[in-house]
Amino acid sequence: MSEFYNESVKDVLEKFHVNPDKGLSAEEVKKRQKKYGKNILNIKKVPLWRKLIEPFCDLFMVILIIALILAIIQGSTSEIIIIAIDIICDAGIFYFQQFSTERVLRNLKKKTVHPVKVLRGGKEVEVDSSDLVPGDIVFLVEGEKIPADGRVILETGVLTNESMLTGESDSVIKDARAIAGQKKVFEQKNMVFSGSFVITGTGKMVVVKTGNDTEYGHIASLASGTEDISPIQEKINKLVVKIAIAVLVSAVIVFIIQLINGFSFFQSAEFTLAIVVSAVPEDLPIATAVILAIGASKMAKKKALVKELRAIESIGVVTTVASDKTGTLTENRLSLQKMWFKKSTTHPEDFIAKTALPISESGDPMDNCLWKFLSSKKIEADCEPAHSYAFDQDIRMSGNLFEDKNGKLKIYLKGAPETIIRRSKLSQKELEEVEMRLSQFTDFGYKVLALATITPKHAINELSRLEKDEKLEFVGFLAVSDTIRKEAKNSILEAENIGVKIKMVTGDHAGTAFAIGKQLGLAKKPDEVLDCSKLGQIDDETLAEKVKQSTVFARVTPEDKFRILEIIKKSEVVAMTGDGVNDVPALTNAHIGIAMGDGPSIVGDAGDIVLVDNNFKNIVDAIKEGRIILTNIRRMLVYLLATNAGEVLTMIFALIFGQGQLLLPIQILWVNLVTDSLMVLPIGLEPAERRVLAEKPERKDAPILQRVLVERIVIIAISMATITLSVYYLASLFFTHEQSNTLAFISLVVMQWSNAFTTRGIFESCLKRLKVKNILFVLALVLAIFLQVLATFGPLRDFVSVVSVPIVAIIFTVVVAFLFPIYTVELHKILYQRKKRKKQSAK
């Protein structure tokens with residue numbers, strides 16, 4: 001079946017039953033609107049009910065809800081209050097962040113519906129772009145956005161910018177002639193596409209596709225159904241499953257032992273539930289949400305909008321950034337890089353001024369590029385041209401006609417090198433030099449313009465009227481290219497220094513891609529560039545090897561980008577950047593999608609992070625921020641799991657050794673939901689340790705907790721159980737059960753504070769970390785101590801069921817409980833560092 005670009009204008013018009021001079025009738029438009037619908041994209045949205053229940057689907061939250069239900073059944077007011085506050089805070093933080101993000105995104109979105117001129121019922125009318133139907137005859141107007149996919153049926157010097165679809169910044173020449181064979185989007189010269197722009201010229205098109213059927217819509221459809229779970233969330237989920245199994249086993253053991261020891265069913269259930277609540281790190285979701293929100297706020301100040309909070313923690317484990325070239329590493333703006341003129345040419349800048357079309361006459365990026373260069377040199381045209389010639393696609397030239405005081409005419413031309421060289425009067429020696437210079441520029445990947453003059457016999461209205469035998473006077477070459485962002489090269493180097501690989505993806509030709517890659521420090525040899533124009537002929541296994549060896553990918557289509565990312569994702573954690581519609585599938589397919597803020601609304605929707613100012617440096621900053629946050633999540637996990645495990649071990653051993661319920665359920669909840677909750681957030685906001693940013697990214701399948709951290713959790717848990725049971729046993733020799741219970745309760749709380757101190761440094765000494773400023777930690781510790789004083793000596797004594805104990809016993813308990821965990825953990829840190837240094841020296 002032939003495509004629209006394969007067919008003649010006549011055949012396409014007949015297929016849509018439309019007269020090019022009259023357009024569709026109002027009645028026919030209504031019929032087609034019923035058949036095809038509105039010319040808008042229908043993107044699947046997250047339903048409201050799903051947004052409402054999302055925070056309650058977390059396993060930790062489910063456990064808290066079950067605990068709340070049982071507390072309500074038993075009428076335990078104090079337990080109900082503590083658990084309910086925890087649930088409300090968690091859900092409230094989630095809703096607030098979602099609302100804030102969506103509000104900012106609504107402000108970022110651009111209106112996609114705009115008025116367009118169409119021919120209907122023999123009259124030129126203006127309608128909303130959403131009302132277009134296949135078969136409509138639409139006028140192509142310079143500077144206007146193309147509202148639907150169309151087949152060009154009439155044109156006069158039409159140039160379009162399709163970079164949002166193809167990734168190429170070059171202008172595309174359009175004509176109405178049929179094209180033979182199968183062609184990709186960037187080769188369909190007689191088609192125009194929704195989302196692209198008319199740079200210059202005028203014409204008509206017949207609409208062939210609207211809405212989701214357009215190339216724009218096709219790319220959007222590739223984005224659907226690719227919502228993968230984040231790498232970090234996957235690791236946390238694996239840990240949660242292990243925690244859940246351990247908690248379930250512990251709960252069964254505790255419940256059975258209590259029944260054997262003669263406790264009633266409800267007493268056993270209440271105590272077991274308190275153990276379960278203490279065993280799970282239910283504070284983790286709240287604390288994680290808060291530190292992610294704070295991280296998002298920091299990024300927002302740097303013009304990086306974080307849409308999904310999980311994206312911040314996930315970007316911390318990114319190992320590869322696949323970056324779109326146009327608009328990301330470059331500014332999507334042509335600039336004059338080099339020039340070469342024949343020795344006989346004087347004042348080359350003045351010559352350039354005479355070839356550039358007046359700004360009022362041209363929207364061509366090439367002319368804009370030349371005027372920008374001239375402006376930087378403070379050069380202006382010394383006189384207005386008698387006539388300007390827009391780019392003629394048949395002879396591939398444009399220029400200006402000037403007439404001097406004596407009436408002598410001269411045309412200053414710029415255009416395709418092959419055309420101008422062929423039509424110029426050059427000796428063999430001059431031709432060899434010209435071709436050598438051209439080869440040098442093209443080898444660097446520059447887009448080259450040739451310059452020439454001609455003295456016509458008489459004034460002409462079009463360049464095509466130049467006699468073919470009239471020879472041009474060759475003048476020189478201009479070499480232009482897309483401007484590389486100032487910060488891009490240093491940012492790439494900075495990323496590589498922290499172990500993150502950068503791969504550039506572009507729709508440009510391989511030569512241009514290599515030249516830009518070389519300037520950015522991404523490619524040193526041409527074989528590091530993969531030309532994707534024939535990607536369909538390569539099997540996945542061969543492609544995987546080529547992808548591994550390549551740092552630059554050229555002639556990439558949206559489908560190619562999608563496939564390449566699928567391969568990289570198998571072994572790497574990938575962040576993809578992009579600013580155009582052509583990047584949407586890859587943005588959604590990557591582990592982290594980073595969208596440029598000046599792209600269409602669909603691009604912003606597809607990204608997890610939106611760079612409002614398109615600054616590539618912010619990507620590296622985001623990776624660093626992500627690493628800090630990831631380390632702090634691990635820090636919180638160590639703190640919560642170690643202290644929770646210590647509480648559970650203490651209770652189990654107490655039951656096994658006949659001590660009964662060592663702590664009351666309300667005391668367990670106090671330790672877990674008050675003391676833990678106060679200290680966990682400041683730990684999660686701890687400033688970075690030096691080695692965190694210096695280390696290379698971890699492998700994709702690395703667990704969320706390293707072996708050394710698991711060892712530390714075990715050491716802390718055993719230390720807590722040992723000290724608490726020892727305190728209770730020694731106290732029971734001198735005091736009553738209630739007093740012994742109070743001292744055991746105090747020791748458990750103090751060890752939480754001690755563990756918070758040691759956890760401030762994952763690898764650094766807690767004494768060294770005292771020099772690191774964390775005001776929130778100090779305030780939280782002061783508040784925790786104050787609340788514990790109230791619970792031990794003040795009005796909260798009855799609330800947590802403690803009794804009076806001699807002050808000497810309390811002081812002894814506090815000193816031992818605070819120092820012992822610090823000693824054991826710091827010793828473990830020292831031994832680990834020695835072991836690591838020994839391994840490094842062995843290598």
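This is a predicted model: local features need pLDDT of at least 70, side-chain atom pairs count only at pLDDT 80 or more; totals for chains, interfaces and linings use all residues.
Local features need pLDDT of at least 70, side-chain atom pairs count only at pLDDT 80 or more, and totals for chains, interfaces and linings use all residues. Residues are numbered from 1 along each chain as its sequence is written, and side-chain values use heavy atoms, with hydrogens and water left out.

**View 1. Helix α29, residues 775-793.** Helices here are DSSP runs of H or I with at least four residues, numbered from the N terminus. How far should the 19 residues of α29 span at 1.5 Å a residue? The expected span is 1.5 Å times one less than the number of residues; that gives 27 Å, and the end C-alpha atoms are 27 Å apart, so the two agree. Phe 777, Ala 780, Leu 781, Ala 784, Gln 788, Ala 791 and Thr 792 are buried (buried is under 20% relative accessible area, exposed over 50%, partly exposed in between, with a 1.4 Å probe and protein chains only). Looking down the axis of α29, you'd find its buried residues within an arc of 105°, so they line one face. That arc is taken from the directions from the helix axis to the C-beta atoms. Turned away from that buried side are the exposed residues Leu 779 and Val 782.

**View 2. Where α19 meets α20.** The axes of α19 (residues 540-549) and α20 (residues 558-569) come within 10 Å and cross at roughly 80°. That makes α19 roughly perpendicular to α20 (the cut-off is 65 to 115 degrees). On the α19 side, Asp 540, Leu 543, Ala 544 and Val 547 meet Arg 563, Ile 564, Ile 567 and Ile 568 of α20; contact means heavy atoms within 4.5 Å. These residues divide into six nonpolar, no polar and two charged (Ala, Val, Leu, Ile, Met, Phe, Trp, Tyr, Cys and Pro count as nonpolar, Asp, Glu, Lys and Arg as charged, and the others, Gly among them, as polar).

**View 3. Thr 650 in helix α23, residues 617-656.** Is Thr 650 buried or exposed? Its relative accessibility is 0%, so Thr 650 counts as buried. Leaving aside neighbours within four places in sequence, Thr 650 is in contact with Leu 662, Met 720, Ala 721, Thr 724, Leu 725 and Leu 748.

**View 4. Helix α18, residues 510-520.** Its buried residues are Ala 513, Phe 514, Ala 515, Ile 516, Gly 517 and Leu 520. Next comes Gly 521, with a positive phi near 80°.

**View 5. Leu 681 in helix α24, residues 665-684.** Leu 681 is partly exposed, at 23% relative accessible area. Leu 284 is 397 residues away along the chain, yet the two C-alpha atoms are separated by 8.8 Å.

How values were computed: Helices (H or I, at least four residues) and strands (E, at least two) are DSSP runs, numbered from the N terminus. Axes are lines fitted to C-alpha atoms, for helices over the stretch in contact, and angles run from 0 to 180 degrees between N-to-C directions. Angles under 35 degrees count as roughly parallel, over 145 as roughly antiparallel, 65 to 115 as roughly perpendicular and the rest as oblique.
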